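Here is a short report for a first look at a protein chain.

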Amino acid sequence: MPLKHHTTYRAARAVAKTVEGHFVRHLAASRQDNEEEMAPEPDAKVIEVLIDTAFWASLRREEGHSPKISLAFLPPELAGQPLLLEHRLPLNPSVLVKLAPAVERPGIHLGVWQYEDELYVWGATREIPSLCLVLDVSEPGLLVIKYRRTGGLGKFANIAVLKGDQVKVLEEQTIFLQHSPPLLSTLLGFSSPSPWGDSVNVLVQLAVSMRAHKRGGTLLVVPAGTQAWRKSIIHPILYSVAPAFSRLSDLMQQNEKERSRSKWQSALNRAVEGIAGVTAVDGATVISDQYELLAFGSKIGRVQGGTPVEKVVVTEPVVGSSPTVVAPSQSGGTRHLSAAQFVHDQHDAFALVASQDGGFTIFAWSPHDQLVHAHRIDTLLL
């Protein structure tokens with residue numbers, strides 16, 4: 001039965017069909033390849049109503065606080081062991097704002113489902129099926145449309161980000177990655193519904209954790225067992241780590257049986273948070289591509305006899321965007337400039353840079369362009 005709802009947030013109507021098409025494609029493909037139960041397919045009107053309601057809720061305040069809410073579109077029977085309300089509530093901004101304090105912690109979703117011609121909140125859940133539509137209210141006017149990956153591993157995959165009247169739809173396949181190093185290409189392959197490989201999952205978790213401390217920071221990833229990176233660091237290195245701290249590396253080398261245990265996942269999360277935490281110290285943190293912590297608080301400098309970086313190519317994995325070549329000073333502040341210089345001198349390394357305002361950029365050398373490539377990915381990490 002068609003929903004009865006008058007949409008007043010124009011961006012909701014503008015993006016709904018695109019999001020519907022995303023779920024149609026991925027659910028059809030996943031049902032052929034996977035035996036696990038998939039989420040129900042949301043239609044454009046459902047998506048439109050969810051976005052419209054969440055947007056207007058995001059602009060309200062309850063006892064001085066803006067709501068942070070995660071909505072999941074599914075019936076309660078697909079939610080494992082949910083918290084069920086005796087009387088379901090109509091989906092409207094007032095209801096969402098009132099319920100927000102109870103569900104603002106990560107991993108908790110308000111369950112929403114269609115009954116006859118209206119959407120209702122039926123309760124809350126931590127368990128949702130693969131490819132389930134999730135809508136996050138991150139801050140006033142900022143919404144993120146995403147879904148749970150098949151297998152349930154890693155961060156949810158983002159589909160679109162809406163901020164006021166600005167809509168950014170994420171590219172499902174980006175041509176900018178075809179000449180990138182394999183590790184970087186997989187790291188940036190956020191749109192796949194399948195779970196990431198182990199190594200990539202760790203880098204994504206590091207990126208998310210770096211954004212979370214909101215102090216800004218730089219993480220340099222260098223080839224294991226090499227010392228060339230030291231030529232791009234001003235000496236003495238105040239916080240050099242010797243021997244290299246290998247807790248995260250050791251965890252990643254454990255076998256499949258060990259990794260399946262919740263104790264291992266908890267230990268991995270603590271190790272990731274530990275490394276992400278030191279990126280808040282002024283200067284750059286250095287790890288190997290085997291996740292060994294080598295140094296932090298390091299000052300980046302140009303290699304002796306090297307040339308200054310003069311241009312970088314900037315891309316964002318958003319539909320309709322195109323590469324732009326700019327001076328490195330236009331790609332960001334001091335952190336971005338020093339990271340671009342590091343990659344300009346160290347072609348086999350890359351740099352992850354978090355800004356205090358939530359921006360996130362990965363710098364890597366592009367052999368195809370013979371330039372430093374700045375991948376702006378904050379829309380993927382929300």
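## Aromatic pairs

The count of aromatic pairs comes to six. Rings of Phe, Tyr and Trp (its six-membered ring) pair if their centres lie within 6.5 Å; planes under 30 degrees apart count as stacked, over 60 as edge-to-face and the rest as tilted. Tyr9 and Phe55 form a stacked pair, with 3.7 Å centre to centre and 5° between the planes. This pair links distant parts of the chain, 46 residues apart. Tyr9 sits in the segment before helix H1 (10–33), and Phe55 in helix H2 (residues 44–58).

Tyr9 is buried, at 6% relative accessible area. Phe55 is buried too, at 8%. Buried means under 20% relative accessible area, exposed over 50%, and partly exposed in between (1.4 Å probe, protein chains only). Ring pairs also link Tyr9, Phe55 and Trp56 into a cluster.

The model is predicted: local features need pLDDT of at least 70, side-chain atom pairs count only at pLDDT 80 or more, and totals for chains, interfaces and linings use all residues. Residues are numbered from 1 along each chain as its sequence is written, and side-chain values use heavy atoms, with hydrogens and water left out.

## Arg88 and two tyrosines

Arg88 lies over the face of Tyr115, at 3.7 Å from the ring centre. Arg88 also lies over the face of Tyr120, at 5.3 Å from the ring centre. The rule asks for NZ of Lys or CZ of Arg within 6 Å of the ring centre and within 35 degrees of the ring normal. Tyr115 is partly exposed, at 21% relative accessibility.

## Nonpolar cores

The largest nonpolar core has 46 residues. Such a core is a set of buried Ala, Val, Leu, Ile, Met, Phe, Trp, Tyr and Cys residues joined through side-chain atoms within 4.5 Å. Helix H2 gives the largest share of this core, nine residues. Leu50, Ile51 and Leu119 are among the residues with the most contacts inside it.

What does Leu119 touch, not counting residues up to four places away in sequence? Its partners include Leu3, Val46, Leu50, Phe73 and Trp113. Contact means heavy atoms within 4.5 Å. A second, separate core has 36 residues, including Ala276, Leu293, Ile362 and Leu381.

## The whole chain

The protein chain has 10 helices and 17 strands. These are DSSP runs, numbered from the N terminus: helices (H or I, at least four residues) and strands (E, at least two). Buried residues make up 52% of the 382 residues.
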